[in-house]
Every structure is written in structure tokens, then in C-alpha cells.
Amino acid sequence: LQGIEVDFVAVDEAHCISSWGHDFRPDYMLIKDLIAGFRHKPVVAAFTATATLEVRKDIIEYLGLSEPQVFVRGFDRPNLTFLVLNDLSEGQRKSELLRLAKKMEGSGIVYALTRKKTEELTELFRENGISATAYHAGLDSQARVQVQEDFMEDKYKVIVATVAFGMGVNKADIRFVIHFGM
């Protein structure tokens, strides 16, 4: 890259520079040095849908931006629905989980807190006629890759995963995300 003239650098998912993101995507911390190494300074644009004021400040600092123009659309997304159900028993939560998964078109991600719970909920879905698979650190790396590929190719309606799954998943038909253990 140092040998070519770069006019524009776009940083997608720029929030990965801030807070925990640099643990998950450590290369984001190298972008500033990469840009500084160019013969002439390119225009830099950073994009994210999840930037609090603190995260925006981190993006500006860690990318070495000076007097950037900042555009914020806001977090109101009329196409999204948020639902929080309190004080449900385990059985009620499972019933609601099945109801939502059956009702929704497209694919979904269900987060669980433990490997054991991902396996348990995967079995619950399968017993109720919903194609599902589990994703967690207990699977070897080849199995995790295969599970994710199968999910992306619509072999499963639901993936039940521990919370590390989902970062960078770009699946157009995700219609629900449920955190079962919150």
C-alpha cells in the first residue's frame, strides 16, 4: 500500500476501535499508523451504527482525525421492534422463544449464556420442528466455521450461540435476535 497513491480510506464498523472492540478486532488499532504512512494524507471516512458520544471521540482520536465532520442519524429505527419480558419462568421463556421463532419469517439468532444452554435450546427448537444449530467455543474451529457457513446458506432457521457469535455476520434475512439468558 505504501507504493500506491491512496486517496480515500473507509473504515467500516469503526466502533471496533473503541472499548472492547479492539480486543475483538486488534487490527483496527493499526489503521492510524497505516494512514500516517501514506505519502499524502487521504480522506478518511469512518462508519458505524453504534457510536455513543464516547465511542465517536475514540474513533476521532484513534484514527488521528483532525476537525472531522461528524454526521449522526440517530438510533431511532422504525423498522425495529424491541421487546423485553420480565419475570418469566424458564418454561414461559422457552414457550415465548418458540412462539417468536415460529411467527417470524427469515432467520434468527438466539443468545444463551453457556454452551450447555445453547445445546439445550437447539434441541428444544428441533423437537418443535424448527431447524436449529448451536455455536459455541466448545466446537472445534472447523466445526464453528461449518456451522456459520450452514447458517449463512439457510440450512438452519435459528442459530443458538454464546455471545461471541454475530460479530460481523452479514445475513440479509435476520429477523430476530433474542437473548434468552439476559
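Is Asp87 buried or exposed? Asp87 is exposed, with a relative accessible area of 80%. Asp87 sits in the loop between α3 and α4 (90–103). Its phi is near 55 degrees, a positive value in a residue other than glycine.

The model is predicted, so local features need pLDDT of at least 70 and side-chain atom pairs count only at pLDDT 80 or more, while totals for chains, interfaces and linings use all residues. Residues are numbered from 1 along each chain as its sequence is written, and side-chain values use heavy atoms, with hydrogens and water left out. The predictor's confidence in each residue, pLDDT, runs from 0 to 100. The protein averages 88, and 94% of the residues score at least 70. Helices (H or I, at least four residues) and strands (E, at least two) are DSSP runs, numbered from the N terminus. Among these elements, helix α5 (residues 115–127) has the highest mean pLDDT, 97. Helix α1 (residues 21–24) has the lowest, 61. Where pLDDT is low, the predicted coordinates should not be read in detail.

Helix α3 spans residues 53–63. Val55, Asp58, Ile59 and Leu63 are its buried residues. Seen down the helix axis, they fall within an arc of 105 degrees, so they line one face of α3. The arc is taken from the directions from the helix axis to the C-beta atoms. An α-helix has 3.6 residues a turn, so residues three or four places apart point the same way. Leu53, Glu54 and Lys57, on the other side of α3, are exposed. The cover over the buried residues includes β1 (8–11), α2 (31–36) and β2 (43–46). Just after the helix, Gly64 takes a positive phi of about 70 degrees.

The second largest pocket has a volume of about 640 Å³. Of its 25 lining residues, Ala46, Phe47, Gln69, Val70 and Phe71 are the closest to the centre. The elements that give two or more residues to this lining are β2 and α3. A pocket is an open set of points on a 1 Å grid over the protein atoms alone, where a 1.4 Å probe fits, with protein on both sides within 12 Å along at least five of seven lines; lining residues have an atom within 4 Å of a point. Grid points are joined across faces, edges and corners, and the volume is the space filled by probe spheres set on them. By class, the lining has 16 nonpolar, five polar and four charged residues. Ala, Val, Leu, Ile, Met, Phe, Trp, Tyr, Cys and Pro count as nonpolar, Asp, Glu, Lys and Arg as charged, and the others, Gly among them, as polar.

Thr118 belongs to helix α5. Thr118 is buried, at 0% relative accessible area. Beyond neighbours within four places in sequence, its contacts (heavy atoms within 4.5 Å) are Ala112, Ala134, Tyr135, His136, Val160, Ala161 and Thr162.

Arg144 lies in helix α6. Arg144 is partly exposed, at 24% relative accessibility. Not counting residues up to four places away in sequence, Arg144 touches Tyr135, His136, Ala137 and Leu139. The C-alpha atoms of Arg144 and Ala132 are separated by 14 Å.

Asp154 lies in the loop between α6 (141–152) and β5 (158–161). Asp154 has a positive phi of about 65 degrees although it is not a glycine. At 49% relative accessibility, Asp154 is partly exposed.

Terms used. Buried < 20%, exposed > 50% of the residue type's maximum accessible area, 1.4 Å probe, protein only.
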